[in-house]
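Visitor: I would like to go through the ligand site, a pocket and the ring pairs of this structure, one question at a time.
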Amino acid sequence: MTTAIERLEKVQADIRAAETEFGRDDGSVNLIAVSKTFEADAIRPVLSAGQRIFGENRVQEAMGKWPGLRDEFDGIELHLIGPLQSNKAKEAVATFDVIHTVDRPKIARALKSEMDKQGRNLPCFVQVNTGEEPQKAGVAPKDVDAFVAECRDTFGLNIVGLMCIPPVEEAPGEYFALLEKIAKRNGLSRLSMGMSSDYPVAVGFGATHVRVGSAIFGARDYLA
Ligand SMILES: *Cc1c(COP(=O)(O)O)cnc(C)c1O
């Protein structure tokens, strides 16, 4: 049996190795430890080991466990990586530090309005449906340029990068390359891509944020 701390150390070592292998700067890839479905008791050891960037995919669930953990540990940075409904924008802005899933005008408007009310200016990623899968959230690749411009110019959101979840059954490389290409032509420097099964590959394609859950916390009890 390995512990979460041992698995965290392995993931960190893999990331450093991939940075070297692909000629990326040391420390240029941020590890987001995805703690969805895990209770505070399972997260605490990973915080004690020094990890500070975490990802959650549900606003309600994050509200239940992170305020307490923030009281115990300084410097936590919490990323929303799951779908957002506009009626949860208020809670999302109050709970999270970075939003990865901006994908429609209604959400962009709701987020900006809440940020203004709460005096926060959260960095945001636009989610891209790189595989153009009907069941998946995200902006179609051909619509990203216009949507990024709208987020910036119409809504005044601080768009810092792009995020994707490539099709599960396929090799992710071409989707990571597509995300990188779209980000570049929009002057966006951050790429949120790569999960437990493919984060070293994502580093090779320029990921600045990898979102790794089960490789650190173990298998989840239910699909989240
Ligand atoms: C759950 C989730 C992850 C982490 O998935 P693992 O395969 O457990 O690493 C990454 N990104 C998103 C958007 C997720 O919902």
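Visitor: How far is an oxygen atom of the ligand from an N or O atom in the side chain of Ser-196?

Guide: In this predicted model, Ser-196 is among the residues that surround the ligand. A polar contact is a pair of N or O atoms within 3.5 Å, and the separation between the ligand oxygen and the side-chain N or O atom of Ser-196 is 2.5 Å.

Visitor: Which residue has a polar side-chain atom 2.7 Å from an oxygen atom of the ligand?

Guide: Two arginines, Arg-211 and Arg-220, belong to the surroundings of the ligand. A polar side-chain atom of Arg-211 lies 2.9 Å from a nitrogen atom of the ligand, whereas the 2.7 Å distance to a ligand oxygen belongs to Arg-220.

Visitor: How much space lies in the second largest pocket?

Guide: This pocket has a lining of 14 residues, with Ile-165, Pro-166, Pro-167, Val-168 and Met-195 nearest its centre. The lining comprises 7 nonpolar, 3 polar and 4 charged residues, and the space in the pocket is about 260 Å³.

Visitor: Why is the pair of Phe-54 and Trp-66 called tilted?

Guide: The whole structure holds 3 aromatic pairs. In the pair of Phe-54 and Trp-66 the ring centres are 4.9 Å apart and the planes stand at 45°, and therefore the pair counts as tilted.

How values were computed:
Residues are numbered from 1 along each chain as its sequence is written. This is a predicted model: local features need pLDDT of at least 70, side-chain atom pairs count only at pLDDT 80 or more; totals for chains, interfaces and linings use all residues. Side-chain values use heavy atoms; hydrogens and water are left out. On a 1 Å grid over the protein atoms alone, a cavity is a set of points where a 1.4 Å probe fits but cannot get out, and a pocket is an open set with protein on both sides within 12 Å along at least five of seven lines; lining residues have an atom within 4 Å of a point. Grid points are joined across faces, edges and corners, and a volume is the space filled by probe spheres set on the points. Ala, Val, Leu, Ile, Met, Phe, Trp, Tyr, Cys and Pro count as nonpolar, Asp, Glu, Lys and Arg as charged, and the others, Gly among them, as polar. A residue is near a molecule or strand if one of its heavy atoms lies within 4 Å of it. A polar contact is a pair of N or O atoms within 3.5 Å; within protein, one must be able to donate a hydrogen and the other to accept it, and residues adjacent in sequence count only if both atoms are side-chain atoms. Rings of Phe, Tyr and Trp (its six-membered ring) pair if their centres lie within 6.5 Å; planes under 30 degrees apart count as stacked, over 60 as edge-to-face and the rest as tilted.
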